[in-house]
Amino acid sequence: MTSVLLIEDDLRLAGMILPYLAQYEFKVEHSASSQDAQLKMKQHPFDVLLLDLMLGDADGLALCRDIRGQYLHEPAIIMVTGRGDPADRIIGLEVGADDYLPKPFEPRELLARMRAVLRRIKPGSGVRETGLIRSGSLEIDTAARTVMLNQNSCSLTSLQFDLLVSLARNAGRVLNREQIWQSVRGESYESFDRAIDVHIGRIRQMIEDDPRAPKRIITVRGVGYVFSALPGA
């Protein structure tokens, strides 16, 4: 059963989400504070975190950053917030969120987004592929879902990993943002603004020797991106 931690201090909203997800065979726990959430995460891992940005005792963005930096287990993180500013969404993606859902929302949309994230990260979902992709000193293991550069592990979110694989499997081919997003999410890119650009920037921080002068993921101005294999890198 998929384990979910809802980190939300709005008890009315939590009271709506918990029974709704339970009927779809999710095991959901609730934390109304950052402190309680971190305690629960130390006790056992969760597959998905539903994280409110505006918690009473902490900044949700800071909590997201801490989770990505301190925990060996890599849960999917969906930010759920009443702050609809596009800048907040971009910052959320930059600090490690996999998706971002503004309030108010339909429970069915939350369910659909959770399922989309889980299809990318859970074994046996039908989307995990086997094999290694190598580009010089960069090694992508699609079975273990790991990325190594110079034998050092690169920390990517599940969505960032899938974006990298999509580009790497099409090395030498220029892909526009719509093609990239469709390959990993199966939905139109129109409503996601700069989401891909934000994630590509994060990926470059991990796999490029100089992210300001990238040699693996190249921007093709006005079109999209291309992955350039570097045998000698």
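Which residues are buried in α6?

A: This is a predicted model, in which local features need pLDDT of at least 70, side-chain atom pairs count only at pLDDT 80 or more, and totals for chains, interfaces and linings use all residues. Residues are numbered from 1 along each chain as its sequence is written, and side-chain values use heavy atoms, leaving out hydrogens and water.

The buried residues in α6 are Ser158, Leu159, Gln160, Phe161, Asp162, Leu163, Leu164, Val165, Ser166, Leu167 and Ala168. That is 11 of its 11 residues, so α6 is mostly covered (buried means under 20% relative accessible area, exposed over 50%, partly exposed in between, with a 1.4 Å probe and protein chains only). Helices are DSSP runs of H or I with at least four residues; strands are runs of E with at least two, and both are numbered from the N terminus.

The largest nonpolar core has 29 residues. Such a core is a set of buried Ala, Val, Leu, Ile, Met, Phe, Trp, Tyr and Cys residues joined through side-chain atoms within 4.5 Å. Ile140, Val147, Leu164, Leu167, Ile203, Ile207 and Ile217 touch the most other members. Elements giving two or more residues to this core include α4 (86–94), β7 (138–141), β8 (146–149), α6 (158–168) and α8 (195–207). The most comes from α6, with seven residues. In general, nonpolar side chains tend to be buried together in soluble globular proteins.

Take Ile203. Beyond residues up to four places away in sequence, Ile203 touches Leu156, Gln160, Leu163, Leu164 and Ile217 (contact means heavy atoms within 4.5 Å).

Next, α7 and α8. Their axes come within 10 Å and cross at roughly 80°. Axes are lines fitted to C-alpha atoms, for helices over the stretch in contact, and angles run from 0 to 180 degrees between N-to-C directions. So α7 is roughly perpendicular to α8 (under 35 degrees counts as roughly parallel, over 145 as roughly antiparallel, 65 to 115 as roughly perpendicular and the rest as oblique). Arg177, Ile180 and Trp181 of α7 make the contact with Ala195, Ile196 and Asp197 of α8.

Strand β11 (residues 217–220) pairs with β12 in the antiparallel sense over four bridges (two strands pair if DSSP finds at least two bridges between them). Ile217 has Phe227 of β12 as its bridge partner. Three residues lie between the two strands, and Gly222 in the turn has a positive phi of about 80°.

Ser228 is in the segment after β12. Ser228 is partly exposed, at a relative accessible area of 27%. Leaving aside neighbours within four places in sequence, Ser228 is in contact with Ser135, Lys215, Arg216 and Ile218. Ser228 and Val174 are 54 residues apart in sequence, yet 9.7 Å apart in space, C-alpha to C-alpha.

Finally, confidence. The mean pLDDT of the protein chain is 83, and 86% of its residues reach 70 or more (pLDDT is the predictor's confidence in each residue, from 0 to 100). Over residues 123–130 the pLDDT is below 50, and this stretch has 15 contacts in the model beyond near neighbours in sequence. Where pLDDT is low, predicted coordinates should not be read in detail.
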